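Please walk through this model chain by chain, then look at the place where the chains meet.

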Amino acid sequence: MIKFLHVIAIGALVSSAVYAYTIKYETTLATEHLQKLRSKTQRERDAIQVLKAEWQFLNRPDRLQTLADRHLDLQPFQATQVVKPSEIPNRGPKVDAIGRKLEDLGLGLPTETPRSAKTSATTPGAMP
Amino acid sequence: MTDPIRTESGSAPEAETVEAPATLRSRLAWLRDVFRMSGDKAQPRVGLIILCFSALFIAITGRLALLATLPNEQVGIRRASSNAISAARPDILDRNGEILATDISVVSVFAEPRKILDKDEATELLTAVLPDLDAKELRDKLGTKKGFVWVKREITPRQQAEVYRLGIPGVGFLPEHKRFYPNGPAAAHVLGFANVDNIGIAGMEKYIDSQGLQDLNGAGLASQASDLKPIRLSIDLRVEHVLRDELVKGMERFKAIAAAGAIMDVTTGEVIALVSLPDFDPNNPVDALEKDRINRMNVGVYEMGSTFKALTIAMALDSGKVNINSTFSTAGGMMRFGRQVIKEYHGTGRTLTVPEVFVHSSNMGSIKMALAVGVEGHKAFLKKMMQLDRMTTELPESAAPIVPQRWGEINTATIAFGHGLAVAPLQAIAAVSALVNGGYLMKPTFLKRSQEDAMKVATRVIKPETSEALRYIMRINGDRGSARKADIPGYFVGGKTGTAEKVINGRYAKNKNFTTFTAIVPSDKPKYLFLAIYDEPKGYAESGGYSTAAWNGGVTTGKLIERAAPLLGIVPRFDPPPSPFPLMAKLGAWGTR
């Protein structure tokens with residue numbers, strides 16, 4: 001009986017030790033993983049910072065002006081180009097340009113269309 | 001087991017020998033008694049052993065505590081470098097969120113001289129990889145007893161790899177922050193710059209430090225830029241560039257030795273753009289501290305010339321002693337003050353009303369107005385307008401105005417048309433803003449702020465009616481006076497030229513001018529004030545040899561308004577506002593009919 005208790009005690013001791021070590025190693029692993037992720041985010045953050053700076057560096061007005069002068073044939077903005085919304089003229093009455101042209105050509109009459117499907121011999125209907 | 005006991009028995013008596021031989025003898029007898037092998041002596045023996053072991057364990061515990069509290073080697077490096085490593089700084093953004101200054105990470109090489117075994121070899125290897133290092137200086141550095149020295153700051157990734165491959169013990173890398181200004185010289189004078197340790201040396205960078213950033217770093221906080229809130233300036237990068245571009249072109253065309261300019265929001269006191277040429281690149285500020293690179297808007301003081309007539313007229317109108325229809329005789333074309341004679345520049349010889357005095361830039365008219373108010377009144381008014389004291393803004397650099405020591409009638413007479421009192425241009429435009437924005441004087445700021453916040457710090461200095469009169473005469477001057485060059489159609493520009501002769505060796509030099517041009521847009525409800533300054537501009541073919549303000553400052557301001565107004569969101573209007581100056585029309589001022 002005593003021996004059995006001893007075995008149980010030793011077993012419990014060993015398993016608790018194993019469990020404790022597992023936990024410890026898992027923690028170490030997780031810490032390492034966390035550290036890695038942290039340094040990775042830091043690297044990414046630094047990279048973002050550098051890219052932002054580079055973006056601004058490439059988009060500095062000085063450079064844009066030089067490039068625009070060299071490659072674009074745009075004119076400087078004129079104050080007269082600004083129009084208030086109220087100054088935009090209303091849209092004129094709708095004109096059917098194609099219809100008018102057809103009328104001029106004498107084709108303005110409505111095309112004769114067959115009144116019913118029965119009289120039409122040419123239209124292939126659904127065969128019964 | 002007997003070992004500790006023996007030491008105990010050996011050392012304890014030695015300490016006592018000198019003072020009491022009698023007690024020593026009795027103690028020795030007692031010890032002998034203790035070690036005599038016998039059963040009844042067990043009690044004291046056990047006690048002694050307990051004592052010894054207790055002492056041993058206390059010593060071990062003490063040592064453990066010592067190890068735990070004292071910093072170890074790794075922490076030592078961090079501590080040694082924490083003072084040396086460059087601190088993080090917040091980003092600086094413009095009013096639209098564009099980056100003006102940011103931190104980027106770089107790597108620096110350091111060494112721990114105490115840990116380097118062969119210092120000569122280390123020196124040789126390091127100089128081979130980093131050729132721009134001075135070998136002798138490096139050897140001296142490594143020869144010191146210090147725990148931490150920099151070998152080289154801010155190296156490239158490739159150099160880092162090479163140094164790493166050398167594998168010298170005691171040589172390592174530390175990530176650091178380097179300040180970067182992506183826009184180069186744009187807004188250089190506003191931003192200032194930071195040194196290699198990322199400590200602000202000038203401009204807003206220094207201002208940020210003075211706001212407690214250094215204390216944060218000292219406490220070990222804020223080592224990352226992301227921990228810090230970005231600083232948002234009032235500067236608009238696009239407008240800043242336009243201003244600089246036009247001034248650079250102008251300086252070349254008019255062959256001026258220096259130029260400066262500013263754009264200010266008169267309703268909030270925000271400085272939208274500020275340029276002073278020649279300037280510098282804050283990324284490489286080697287020439288930033290040269291004398292001609294000063295911020296002329298803030299650190300230079302100048303006689304502002306006729307621009308000051310606006311102040312004189314405002315003072316006279318506001319005092320009630322003069323109204324918009326008062327007349328001033330300019331007959332004779334000169335005035336005498338003791339031995340001094342003051343002449344008219346564009347003499348008319350007629351009797352002029354107040355708007356005419358401004359449009360013809362009549363010295364005599366201005367003098368008579370100032371004298372109507374009197375010397376004391378003049379002084380009090382300029383004091384109220386912040387023209388007699390040093391103006392402090394966020395920028396740490398500033399200059400005090402040069403005020404005459406004894407202020408007599410002659411001084412009032414000359415200051416009335418802008419000579420004899422030298423002020424910083426920024427100070428002058430702050431005053432002009434107050435004249436046109438309805439009478440609210442506010443200190444210019446380089447930080448973004450809303451109109452409500454601005455009104456909280458503003459003080460009323462003149463009546464709204466006087467402000468309307470000033471807007472009116474500036475508009476008249478833009479329409480048909482000397483400011484015509486800047487009258488870009490659609491923007492309803494008002495302005496004033498100012499040409500002052502430079503003082504060379506205590507005399508006014510006839511051929512060396514300092515020209516200023518102030519413009520307000522739009523005149524009926526001003527939002528922005530433009531200022532362009534040229535130092536010693538020369539005449540050119542189209543100007544017929546003239547080098548007065550209209551021919552340089554005026555031309556530049558005109559172009560500036562044309563380019564900057566759309567960026568600033570000013571809507572052009574081609575039909576004039578129905579009733580821009582109701583009071584002036586009611587009073588029937590000159591030029592309204």
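This is a predicted model: local features need pLDDT of at least 70, side-chain atom pairs count only at pLDDT 80 or more; totals for chains, interfaces and linings use all residues.

Residues are numbered from 1 along each chain as its sequence is written, while chains are lettered from A and ligands numbered from 1 in the order in which they are written.

Start with chain A. It has three helices and zero strands; helices (H or I, at least four residues) and strands (E, at least two) are DSSP runs, numbered from the N terminus. Of its 128 residues, 2% are buried, meaning that 20 or more other C-beta atoms, placed from the backbone, lie within 10 Å of the residue's own.

Now the contact. Chain A gives 15 residues and chain B gives 24 residues; two residues touch if their C-beta atoms, placed from the backbone, lie within 7 Å. On the chain A side, helix H1 (2–58) and helix H2 (61–71) each supply at least two residues. H1(A) has the largest share, eight residues.

Turn to chain B. Five of its strands form an open antiparallel sheet, ordered E7-E6-E18-E17-E16; strands pair if DSSP finds at least two bridges between them. Strand E7 (270–277) and strand E16 (494–504) of chain B are the edges, each with a single partner strand, so one side of each lacks a neighbour in the sheet. Strand E17 (507–521) and strand E18 (528–535) of chain B pair over eight bridges. There, Ala519(B) has Phe530(B) in E18(B) as its bridge partner.

Conventions: A residue is buried if 20 or more other C-beta atoms lie within 10 Å of its own, exposed if 12 or fewer, and partly exposed in between; C-beta atoms are placed from the backbone.
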